[in-house]
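Morning, everyone. I have one model to walk through, so please look at the screen.

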Amino acid sequence: MIKAAVIGATGFTGALLARMLQAHPEAQPAVLTSSSFVGRRVHEVFPEIRHEAEYVAYEPSIVSEMDVAFVCYPHTQAHPVVAELRDRGVRVVDLSADFRLPAEDYPEWYGFQHPRPDLVQEAVYGLPERYQEEIRAANIVANPGCFPTGMLLAVLPLAGWLELDLVVVDSKSGVSGAGKTPSSKTHFSTVHDNFRSYTEIGHRHAAEMIGELSRAAGHKVPISFTPHLLPVDRGILSTVYCRPSAGTKIPDEAALRARYEDFYQGKPFLEVREHAPALSEVQYTNYCRVAPLVDRQAGLIKVVSAIDNLVKGASGQAVQNMNLMFGLAETLGLEGRQ
Ligand SMILES: NC(=O)c1ccc[n+]([C@@H]2O[C@H](COP(=O)([O-])OP(=O)(O)OC[C@H]3O[C@@H](n4cnc5c(N)ncnc54)[C@H](OP(=O)(O)O)[C@@H]3O)[C@@H](O)[C@H]2O)c1
């Protein structure tokens with residue numbers, strides 16, 4: 001049995017992880033930390049989680065006996081904890097953005113100098129559909145951001161297959177993507193029966209998208225990313241417009257779909273579709289559905305992808321990474337509704 005700690009277990013991703021680990025056949029949520037609910041039992045705070053344990057305050061010594069720790073803190077709060085645990089030999093899956101970028105990119109995108117470039121260097125980007133082998137051996141897995149997960153899974157099969165000179169990402173997210181603390185912009189009264197874009201220029205997830213897509217393509221691919229807030233709880237639907245370089249022959253749709261099916265062969269959570277998916281097809285699951293389409297008159301490839309931000313975009317992907325790190329079947333504890 002894998003002994004797992006969830007650090008920040010009362011947030012949206014942490015609470016879901018506690019529930020998923022409780023149901024996992026080969027893992028147990030042995031330590032659940034919180035600063036707000038110390039001493040309270042899990043089922044008192046979350047009646048839907050059948051778990052008697054009490055929340056405890058984070059303390060590295062109580063986590064050092066664990067096989068793995070999931071760190072579910074906000075960015076900039078997570079890296080000191082990851083470093084403390086890693087220095088004690090605990091394998092870590094970090095759900096924050098603190099280990100996803102090269103160390104030198106943190107001042108520009110996150111406004112701080114990363115204090116542990118050695119650990120950033122060691123961390124593996126936790127997208128199993130791309131880095132499965134590296135994740136198996138990793139001691140720090142940087143679980144990808146929710147928007148980059150949906151976007152990268154939509155476009156990676158094109159990288160290195162067709163020369164792209166621009167990618168435009170139009171994503172719509174459910175409100176749970178913003179975490180449990182409401183703000184005026186995420187308050188029910190603002191979001192309900194409404195629809196808006198936000199951070200149209202310079203959203204931090206663009207850094208992850210540019211870095212990972214450029215790495216896969218072998219050259220820098222410009223990306224323009226606009227997130228939108230949907231009046232729903234869960235899910236991200238992205239429409240990704242990919243412009244091939246001048247002179248690149250655009251394949252017909254059957255050949256394009258064949259490329260996607262081939263690329264994702266043996267990837268249990270990727271489903272290639274002929275028609276664009278709806279959010280309801282993937283909500284509460286670890287699946288990502290992608291539909292690659294050809295817009296010949298515009299000279300574009302348009303890919304629609306759908307994921308659940310809290311499952312494939314966060315806690316489900318984290319469990320998928322744990323499964324790989326401990327030599328388990330990738331799908332263990334992840335099939336069905338989460
Ligand atoms: N929500 C998503 O869809 C999603 C998707 C992918 C990645 N992520 C990333 O995953 C991490 C957790 O996200 P989340 O949505 O679970 O966030 P959340 O709901 O806001 O929960 C974060 C938890 O961390 C603890 N915490 C410790 N230090 C904190 C601090 N200084 N400020 C606020 N909370 C603090 C809090 O628990 P206590 O008060 O009990 O200590 C809080 O419940 C973030 O880095 C986020 O960017 C989120």
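Start with the distance: the C-alpha centres of domain 1 and domain 2 lie 27 Å apart. The assignment puts domain 1 at 2–122 and domain 2 at 147–310; such bounds come from an automatic or database domain assignment.

Some housekeeping. This is a predicted model: local features need pLDDT of at least 70, side-chain atom pairs count only at pLDDT 80 or more, and totals for chains, interfaces and linings use all residues. Residues are numbered from 1 along each chain as its sequence is written.

Now the interface. Ten residues of domain 1 are in contact with eight of domain 2 (contact: C-beta atoms, placed from the backbone, within 7 Å). On the domain 1 side, helix 1 (12–23) and helix 5 (106–110) each give two or more residues. Helices are DSSP runs of H or I, at least four residues; strands are runs of E, at least two; both are numbered from the N terminus. Helix 1 has the largest share, three residues.

Six strands form an open, parallel sheet, in the order 2-1-3-4-6-5. Pairing needs at least two DSSP bridges between two strands. The edges are strand 2 (27–33) and strand 5 (124–125), each pairing on one side only. Strand 3 (68–71) and strand 4 (91–94) pair over four bridges. V71 stands opposite D94 in strand 4.

Helix 1 packs on this sheet, touching strand 1 (2–7), strand 2 and strand 3. Its direction makes about 150 degrees with that of strand 2. Axes are lines fitted to C-alpha atoms, for helices over the stretch in contact; angles run from 0 to 180 degrees between N-to-C directions.

Terms used: Two residues are in contact if their C-beta atoms, placed from the backbone, lie within 7 Å.
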